[in-house]
Amino acid sequence: MSAVAEQTQVESRLLADRINALEESSTLAMTKMARELAAKGHRVISLSVGEPDFKTPAQICEAAKKAIDDGFHGYSPVAGYPDLRKAIADKLQRDNNIDWKPENIVVSTGAKHSLANVIQVLVNPGDEVIIFAPYWVSYSEMVKLAEGKSVIIDGAFENDFKVTAAQLEAAITPRTKIVMYASPNNPTGAVYSEKELREIAAVLEKHEDVYILADEIYEYINFTDEGHFSIGSIPALKDRVITVNGVAKGFAMTGWRIGFTAAAKWISDGVEKLQGQVTSGTNSIAQKAATAAFNGPMEPSIEMAKAYQRRRDLVIGLLKEIPGFKVNVPQGAFYAFPDVSYYFGKSDGTTVISNSDDFSNWLLNNSYVSTVAGSGFGAPNCIRISTAAADEALVEAVQRIKDAVATLK
Ligand SMILES: Cc1ncc(COP(=O)(O)O)c(C=O)c1O
């Protein structure tokens, strides 16, 4: 064993078991590899990151500048400034038909933090958390950190990657604590309709000890005629639904790090208690920017969503022309998620592609297009391609993919 490998082994023995057990985020890992290749001078097209390619709207930036000038430099309340919690309560009323008071809202450092908080607050060791797959990479790792057990239910490709109420019913056990899902979904772009969510709600109504963690971070990037539906608006479930959302995707504010939970007071109090010991209130300037986002005009978000829809049409159209790719039509978010399993077992003469990790790595190293393997999302036949990039880059990336796979026999 090399000296470096030996040192790494010693260091990992020193790390806590919970960290050794944790997977590295596959999206961040791919993005890092793409950056390294770009630094070596390769013309990498990076489609691995889950990030809008737009700038934060000007009026939101102005609010942040004003917050600096107005002296919001100190610690903020643990659960967030009152005006932001009020803006979020108003937004939930206006957009989601969810009636919570500001005291039911806790502001956190991104929706990722909000989700992790809720899982820490509700899950005891051995509790089961049902996750609708394909799922966002961090869900199962958050459950692992809380010593819970992830129970994955697969949404079938034929059902647009969505889980049915009957599948959910079959997966619930006396140990089920939480059911969690995202709609619109990362990585598939699937959107659960009101009808589908009401069917799921009908199952959950019968299980009074089960909580529902609804991740609505892509709410404003929804291409359906019906629009977004929040399961938290169903009165019979209201007290058991924790709605998580934030500003990252809809307002192009990934770096500002603002997310929130909206939940029954005892759950919000638990989240506040945890946050009070671990992070305190989140960044004061970003909170003022988020207040301006939720209280401000929605036109910039609507325009961005139109651009994502146009690019969705462009990319899906091109991907459908690649032999062997099976492609669903995403109804929201900004990803394509083709099934590439047709190429498993094929080779370019040097490398054999055995799974989606091989496929994604091979693409990066051969055509300099970074994507993310579906394995980390619980969908090992697929790869995720972000469509949050300029049209020319998307067209060139898909052409490079098409040319690359043509060499696989
Ligand atoms: C489904 C889903 N939930 C939550 C998040 C986290 O959002 P934030 O940047 O607000 O932490 C992401 C980010 O990629 C996501 O895709």
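Two strands are taken to pair when DSSP finds at least two bridges between them. In this predicted model, that criterion applies to β11 and β12 (residues 383-386), which run antiparallel and are joined by two bridges. Within this pairing, Val 372 has Arg 384 of β12 as its bridge partner.

The pair belongs to an open sheet of three strands, ordered β9-β12-β11 and paired in antiparallel fashion. The edges are taken by β9 (335-336) and β11 (372-373); each has a single partner strand, so one side of each remains without a neighbour in the sheet. As a reminder, strands of a sheet pair through backbone hydrogen bonds, either parallel or antiparallel.

Attention now turns to the ligand. The space that the ligand takes is the largest pocket. Around the ligand are Gly 110, Ala 111, Lys 112, Trp 136, Asn 186, Asp 215, Ile 217, Tyr 218, Ala 248, Lys 249 and Arg 257. Sorted by class, this shell comprises five nonpolar, two polar and four charged residues.

For Asp 215, an N or O atom of the side chain is 2.6 Å from a nitrogen atom of the ligand. Taken alone, the ligand exposes 400 Å², of which the protein buries 94%.

Note on methods. Residues numbered from 1 in each chain as written. Predicted model: local features only at pLDDT ≥ 70, side-chain atom pairs only at ≥ 80, totals over all residues. Heavy atoms only, no water. Near = heavy atom within 4 Å. Polar contact = N/O pair within 3.5 Å; in protein donor to acceptor, adjacent residues only side chain to side chain. Areas by Shrake-Rupley, 256 points an atom, 1.4 Å probe, with all protein chains shown as cover. 1 Å grid on protein atoms, 1.4 Å probe; cavity = no way out; pocket = protein on both sides within 12 Å on 5 of 7 lines; lining within 4 Å. Sits in = over half its atoms within 2 Å of the grid points. Nonpolar A, V, L, I, M, F, W, Y, C, P; charged D, E, K, R; others polar. Helix = DSSP H or I, 4+ residues; strand = E, 2+ residues; numbered from the N terminus.
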